[in-house]
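Please look over the structure shown below, and keep it at hand while reading the report that follows.

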There are 2 protein chains.
Amino acid sequence: MMGRVTRERVGAELVAVVTAVVAGRPVVLTAEGGQHLPFGPLRTEHHSMQAGLQTWVEQQTGHRLGYVEQLYTFADPDRASAAGRVVSISYLGLTNAVGDRPSDAWRDWYAFFPWEDQRVGSAGPGLVTEVIEPRLGAWVEAAPPAEREARRLRADVCFGLGGRGWSPELVLQRYELLYEAALIPEAPSATPDRLVPGERMAGDHRRILSTGLARLRAKIQYHPVVFELMPESFTLGQLQVTVEALAGQALHKQNFRRLVTQQDLVEPTGETHAETGGRPARMYRFRRAVLDERQVAGTKLPRTR
Amino acid sequence: MMGRVTRERVGAELVAVVTAVVAGRPVVLTAEGGQHLPFGPLRTEHHSMQAGLQTWVEQQTGHRLGYVEQLYTFADPDRASAAGRVVSISYLGLTNAVGDRPSDAWRDWYAFFPWEDQRVGSAGPGLVTEVIEPRLGAWVEAAPPAEREARRLRADVCFGLGGRGWSPELVLQRYELLYEAALIPEAPSATPDRLVPGERMAGDHRRILSTGLARLRAKIQYHPVVFELMPESFTLGQLQVTVEALAGQALHKQNFRRLVTQQDLVEPTGETHAETGGRPARMYRFRRAVLDERQVAGTKLPRTR
DNA sequence: ATCCTTATGCTTGAGTTGAGCATAGGTAAC
DNA sequence: GTTACCTATGCTCAACTCAAGCATAAGGAT
């Protein structure tokens, strides 16, 4: 029967990856100057884990999350110390209001993962070709011959090398590859002179963050979650900028609007918006009904180039 | 800093949804006569949660899992009793060998979810139209008028009513709907005379199982995991039967083979197989290299009808 | 031989997607 | 006020994908 005793007990911790998009920059809520993600213990008084997370994220941000989703449960072995084992249950939360917290609590995603921003003009593309590619090349060459081809293939797939395309949703795989290649300060055998740029976080929080980005980038394509990051009404241009910020990639404008409108994800409010110095744009609002009507309806990424 | 103390401690439990496909029937490993899924406490000596799960599943089945993936972490509030809170971390495991365990440990998926098998000749289609649809209809009518349309829409989407198509991957949504409509014995307000057929399990294990089926049905479409359920070599017909068993749906044969072969998921072994009383089929093996070469490559479901 | 069964190959039409041309309707500079 | 420039929006076209089904192949059973 179910009453069987589980003899050992562990600490349970809730970790939140709360993200928003502000002025075309994706940001994540951090604590203590970006050193870690907000987290807290699961308490007995919490009705459920989601409820526990919701309440104390509201305490911190002053805003209710439009969307919460469980990410992954980690049992970081490095932390199984004297105090016993700790299990971290991580969640992804989306909001459109950054609230009144000091703005340095909201940090740009790409401060932690500069290579993930592949939009033209950003750091990503240069970083990959000038720093990451050569250092991964060295890592490939350092392998025993039998393993060399496997390493090269993995590097090529992750970072779109050798004529392969860049896949935005491989965030976690890229992080783990850099970790294994010791190009990241968290890695045990990392040496300061061979590191790839990017801020670190305490413990395994940067790994948790990368899991969140990966999930969001994947989810956005087949589930209408972007709208949780948008204000009540918005232009299709603003929506596209938001998606591009998350994907770290430019999209084909005309095809993006075709996708959004043909799926009936939005409806016009009747107003227009003329701030951009171009033709005024129609404003739209999200049709919340689609959440009930269908289970698949997303914002695919009609890529450019 | 990370050393912050988490004051309360909880029991941590690993739960496994281990599935295989035997003779065209999808089966799941259970304990104590199908009353619950195999589970066990997370121990300090386990290197990681996956390792812990792997080792004791191997103990139980005598076979190594080809594939293990974390499913979801539940904190069943009903079990937060005197002993304190229990957190269940669930995993999906796939294997192709049912081993030498007594075969009643392996139970047919569809004993627990008869409505999920929509293949012609199985119980599903009749069950939906003759039992589920009318009882859900009553549940819709029982709602306050303002809520009625929302309920109807939800029932229609989940069970493909009102001309909508059946979506195999909505396993969890269907279970939760039946739960809310009190058509399932686990539901608090369920009455014995209005139940939908299907065996129950202890605690929330049937919910965990439905999470597993949902994940597997979704995953199969964009990741080549079916092959973990297949023997070394197989015919395309056998592969199709396996996918159909999981999806609970018939597939268009010619399109299925085109999909599999065009993606280079398999390579011929050169042998043939003549047991079916028809033209002998070529045997194939899975090209394991695709796991490294690509991140997306699945067995989409070329549906029939 | 004839029929039944499963396997395999191929075609066709509908729909989806990537790419880009063309026009609309504003603001800012000259 | 005319020109340049900018973003928004509409539309077309070719390549590709996908559902559906016809046709043929190759075995066993009667």
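The angles run from 0 to 180 degrees between N-to-C directions, and the axes are lines fitted to C-alpha atoms, for helices over the stretch in contact. Helices (H or I, at least four residues) and strands (E, at least two) are DSSP runs, numbered from the N terminus.

This is a predicted model, in which local features need pLDDT of at least 70 and side-chain atom pairs count only at pLDDT 80 or more, while totals for chains, interfaces and linings use all residues. Residues are numbered from 1 along each chain as its sequence is written, chains are lettered from A and ligands numbered from 1 in the order in which they are written, and side-chain values use heavy atoms, with hydrogens and water left out.

**Helix packing in chain B**

Helix 4 of chain B and helix 5 of chain B (residues 171–180) pack at an angle of about 140°, with their axes 9 Å apart, and these two helices are therefore oblique to each other. Contact here means heavy atoms within 4.5 Å. On the side of helix 4 of chain B, the contact is made by Arg154(B), Ala155(B), Cys158(B) and Phe159(B), and the residues of helix 5 of chain B that meet them include Leu177(B) and Leu178(B). By class, this contact has five nonpolar, one polar and four charged residues. In this scheme Ala, Val, Leu, Ile, Met, Phe, Trp, Tyr, Cys and Pro count as nonpolar, Asp, Glu, Lys and Arg as charged, and the others, Gly among them, as polar.

Helix 4 of chain B (residues 145–159) also packs with helix 3 of chain B (residues 124–141), at an angle of about 160° and with the axes 9 Å apart. That makes helix 3 of chain B roughly antiparallel to helix 4 of chain B. The contact involves residues of helix 3 of chain B, including Val128(B), Ile132(B) and Trp139(B), and residues of helix 4 of chain B, including Arg148(B) and Phe159(B). Seven nonpolar, no polar and five charged residues make up the contact of helix 3 of chain B with helix 4 of chain B. Helix 3 of chain B passes helix 4 of chain B in a right-handed crossing.

The axes of helix 7 of chain B (residues 236–247) and helix 8 of chain B come within 11 Å and cross at roughly 105°. That makes helix 7 of chain B roughly perpendicular to helix 8 of chain B. Leu236(B), Leu239(B), Gln240(B) and Val243(B) of helix 7 of chain B meet residues of helix 8 of chain B, among them Lys253(B), Phe256(B) and Arg257(B).

**The surfaces near the DNA strands**

A residue is near a strand if one of its heavy atoms lies within 4 Å of it. Of the 23 residues around DNA strand C, Gln254(A), Arg279(A), Lys253(B), Arg257(B) and Arg282(B) come nearest. The largest share of the surface near DNA strand C, four residues, comes from helix 8 of chain B. Around DNA strand D there are 23 residues, of which Lys253(A), Arg257(A), Arg282(A), His252(B) and Gln254(B) come nearest, and here helix 8 of chain A gives the largest share, four residues.

The table lists polar contacts, each a pair of N or O atoms within 3.5 Å; within protein, one must be able to donate a hydrogen and the other to accept it, and residues adjacent in sequence count only if both atoms are side-chain atoms.

| Residue and part | DNA atom | Distance |
|---|---|---|
| His252(A), side chain | base nitrogen, DNA strand C | 3.1 Å |
| Arg279(A), backbone | base nitrogen, DNA strand C | 2.5 Å |
| Lys253(B), side chain | phosphate oxygen, DNA strand C | 2.7 Å |
| Gln254(A), side chain | base oxygen, DNA strand D | 3.4 Å |
| Arg279(A), backbone | base oxygen, DNA strand D | 3.1 Å |
| Arg282(A), backbone | phosphate oxygen, DNA strand D | 2.7 Å |

Of the atoms of DNA strand C within 4 Å of the protein, 55% belong to sugar or phosphate and the rest to bases, while for DNA strand D 57% belong to sugar or phosphate.

Key: Angles under 35 degrees count as roughly parallel, over 145 as roughly antiparallel, 65 to 115 as roughly perpendicular and the rest as oblique. A crossing is left-handed if the near helix is turned anticlockwise from the far one by less than a right angle, and right-handed if clockwise.
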